Amino acid sequence: MGQKILIVEDEKELADILGAYLSVEGFEPVVANDGVEGLKAFNEKQPSLILLDIMLPKIDGIKVCKEIREKSEIPIIMISAKSGEMDKVIALGIGADDYVTKPFSPLELVARVKAQLRRYKKSSDVINSDKNEIKIGELVLKKSSYSAVVKGEQLSLTTKEFDMLFFFAKNPNQVFSKEQIYEGVWGYNGICDDNSITVYVNRIREKLNKYELDYIKTVWGAGYKFSI
Ligand code: CA
């Protein structure tokens, strides 16, 4: 299956048309019909991009966009019924990447979807798509040999430190709570010890700091994210 595209649109007919066009291009469309469903689908389906209508039942597209932006840099293309709505989106600086105004050509929208995905891939700079090897920023991580190389030098990490750094680097620009980090690194829903996550994060940071890299950022009240 191709990359998932979340379509948050209450006009079912339009959602179906967009879904059909995206399927033809090899994408996997996921449709949500209101803002609440949209947020739920974002959390559960991990889409690669979101097409987000502004006027939606329950929670409007502007609020949905803001909420997603607190957690993720995923590309968002807003869809509006009238051009005046777009002024609001721009004025509010809600973090959308692009927008279209109805009526629009589905083919043009598909082209924009592809452009945003290309841009996003480039910005996250994960060169090797092989999940066992990640090259991002100044880092090269190889899972098979637990090797971490920074600026050409081997970085000395414990197994768990490596796992955590790998987990972060695999998901750049995404904010993770301590619980999510725990689950992602230790691989099960255990009792998350907040302190030990902090200790690990600090140790990795110290090691990266020697190379003047501060890739692991604190997102106050939310957790941590990896960004270069
Ligand atoms: Ca609508």
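Guide: Two strands count as paired here if DSSP finds at least two bridges between them. This is a predicted model, and on that criterion five strands form an open sheet in the order β2-β1-β3-β4-β5, with parallel pairing. Its edge strands are β2 (28-32) and β5 (98-101), each of which pairs on one side only. On average, neighbouring strands of the sheet are turned by 20 degrees against each other, direction ignored.

Within the sheet, β3 (residues 49-53) and β4 (residues 76-80) pair in the parallel sense over four bridges.

Next comes helix α2 (residues 35-45), whose buried residues are Gly35, Gly38, Leu39, Ala41 and Phe42. Seen down the axis of α2, these buried residues fall within an arc of 160 degrees, so they line one face of the helix. An α-helix has 3.6 residues a turn, so residues three or four places apart point the same way. The buried residues of α2 pack against β1, β2, β3 and α3. On the other side of α2, Lys40 and Glu44 are exposed. At the start of the helix, a side-chain oxygen of Asp34 reaches to within 3.0 Å of the backbone nitrogen of Val36. Just after α2, Gln46 takes a positive phi of about 45 degrees.

The remaining item is the metal. A calcium ion is coordinated by OD of Asp10, OD of Asp53 and the O of Met55, at 2.1 to 2.3 Å. Along the chain, the donors follow the spacing D-x42-D-x1-M. Asp10 lies in the loop between β1 and α1, and Met55 in the loop between β3 and α3, so the pair ties together parts that are 45 residues apart in sequence. Asp10 counts as partly exposed because its relative accessibility is 32%. Met55, with a relative accessible area of 54%, is exposed.

Definitions and conventions: Residues numbered from 1 in each chain as written. Predicted model: local features only at pLDDT ≥ 70, side-chain atom pairs only at ≥ 80, totals over all residues. Heavy atoms only, no water. Helix = DSSP H or I, 4+ residues; strand = E, 2+ residues; numbered from the N terminus. Axes fitted to C-alpha atoms, helices over the stretch in contact; angles between N-to-C directions. Donors = N, O, S within 2.8 Å, 3.2 Å for Na, K, Ca; no water. Buried < 20%, exposed > 50% of the residue type's maximum accessible area, 1.4 Å probe, protein only. Arc of directions from axis to C-beta. Contact = heavy atoms within 4.5 Å. Polar contact = N/O pair within 3.5 Å; in protein donor to acceptor, adjacent residues only side chain to side chain.
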